[in-house]
Every structure is written in structure tokens, then in C-alpha cells.
Amino acid sequence: MLSYNGKSGVYVSTPSAIHTMGKVQSIPRHKTPLRHIWIITGPAGCGKSSVADFLAKRLNLPYIEGDDFHPRSNVEKMANGIPLTDDDRWDWLETLRNKAVEELQSGADGCVVTCSCLKRRYRDVIRIAGREADDVVVRFVYLRASEELLLKRVKARKNHYMKDDMVHSQFTALEEPDESEVDVISVDVSGSLASVQSLTMERVRGCMEEER
């Protein structure tokens, strides 16, 4: 679980939360490439699932759909237009982090995960996975778009629990990554899906090349 540190003003994982993750055996870097956990982030309607599925197939990596791991209480709140609180999200974030680590424990070369990660402290929860082994790297892909564009896209959705009135609440909560978050790749998603997928793949491969 997470607790609030009054002195530092940040949320931190307690030992019990970290211990549930197990350990990923570190592989000597000169023998094996880095193993990336790619977190595809952004508000509702930005295309997280479409981009993540594309990346996972191109990179031949497991794909973890974050929405599948929301507890029923969270789904019901969002379906009724009620924004999630920090307390609603902590366990969900830890579950996604642990699922990503489990994929690496099972022998995967990395994985792709969708998670809105609207706030920096949410991203910090996921970043803990990068401490599991020297060759494990967490990278975020922030899909950037205007509120107006995403509202239009969400209105066009069918059979999804996230309603269009949730877009505004997500933008209200959104803390866009700044230049201090050097593990974030920002991608403009105002173009066509195919162009966004291609651009994201290009940025991801460029990042991997730089880290060789």
C-alpha cells in the first residue's frame, strides 16, 4: 500500500507493497539488451489501447490493458460520471506495476501497459518497477491532445464505461509530464491513428537505440 510522507509531501510505497512484487533476476547488460516496461499514458480518448496494442505486436511483447484491472467499484464510479480519487487509484496502480514485473519474472523481454497515469505521483508508483533489476527500464509514452479533441473522440465511442463527461475531470486532474521527467516520450495524437502509431513506434525505437 501507499502512505503519505508529511515531511517530503510525497506518497511512498510501504515495505508490504514492495515485497509483493518479488525480484526480477538481473541479466548482465553486456549480454542482453535492456528490458523495457512501456507505459502508454494520457487521458480518456487519446488512443492508449490502440497505440499499445500496435507497439506490443511490433515489439513482440506482452500487452497489459490497464482498464481490465480496475475493481468493479472504480468501473461503476466512472460509468456514473464520478471521478476517481487518489485512494481509488493506488491499489490499481500497484496491481499494474506488479503485473508488469510478473511478465519479466516469467521471462518476457519487456511489456507494454496502458495506464492513464494522470499525475506525477501516479507515474512515480509505476517507476518503482525499474528498481527491480539493473537491466529493467520503465519508460512512459504520453499521448498528448487537446481536451476538445478527446471529448469528440470519447463521444463517438460505443459500449465503453468511460463517458464523455469524464474527459473534463481527467483534464482537471492531469499533470502533464515536464522536462524533469526524462523517462517520458511525448507524442502528439491529433493526427490519424496510423500516423500516431507510426510516430510512436519511431520514437520508441529511437529511445531503444540511444540506450543500447
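Skip the neighbours within four places in sequence, and Leu93 is in contact (heavy atoms within 4.5 Å) with Cys115, Tyr122, Val125 and Ile126. This is a predicted model, where local features need pLDDT of at least 70 and side-chain atom pairs pLDDT 80 or more, while totals for chains, interfaces and linings use all residues. Residues are numbered from 1 along each chain as its sequence is written, and side-chain values use heavy atoms, with hydrogens and water left out.

Leu93 also shows up among the residues with the most contacts inside the largest nonpolar core, which has 52 residues. Such a core is a set of buried Ala, Val, Leu, Ile, Met, Phe, Trp, Tyr and Cys residues joined through side-chain atoms within 4.5 Å; buried means under 20% relative accessible area with a 1.4 Å probe, protein chains only. Helix H4 (residues 86-105) gives this core its largest share, seven residues. Helices (H or I, at least four residues) and strands (E, at least two) are DSSP runs, numbered from the N terminus.

Now for strand E3 (residues 35-41): seven of its seven residues are buried, so the rest of the structure largely encloses it. One side has Arg35, Ile37, Ile39 and Thr41, the other His36, Trp38 and Ile40. In a regular strand, side chains alternate between the two faces of the sheet.

| Partner of E3 | Sense | Bridges |
|---|---|---|
| E6 (residues 136-144) | parallel | seven bridges |
| E5 (residues 110-114) | parallel | five bridges |

Arg35 has Val136 as its bridge partner in E6, and Ile39 has Val113 in E5.

How values were computed:
Buried means under 20% relative accessible area, exposed over 50%, partly exposed in between (1.4 Å probe, protein chains only). Two strands pair if DSSP finds at least two bridges between them.
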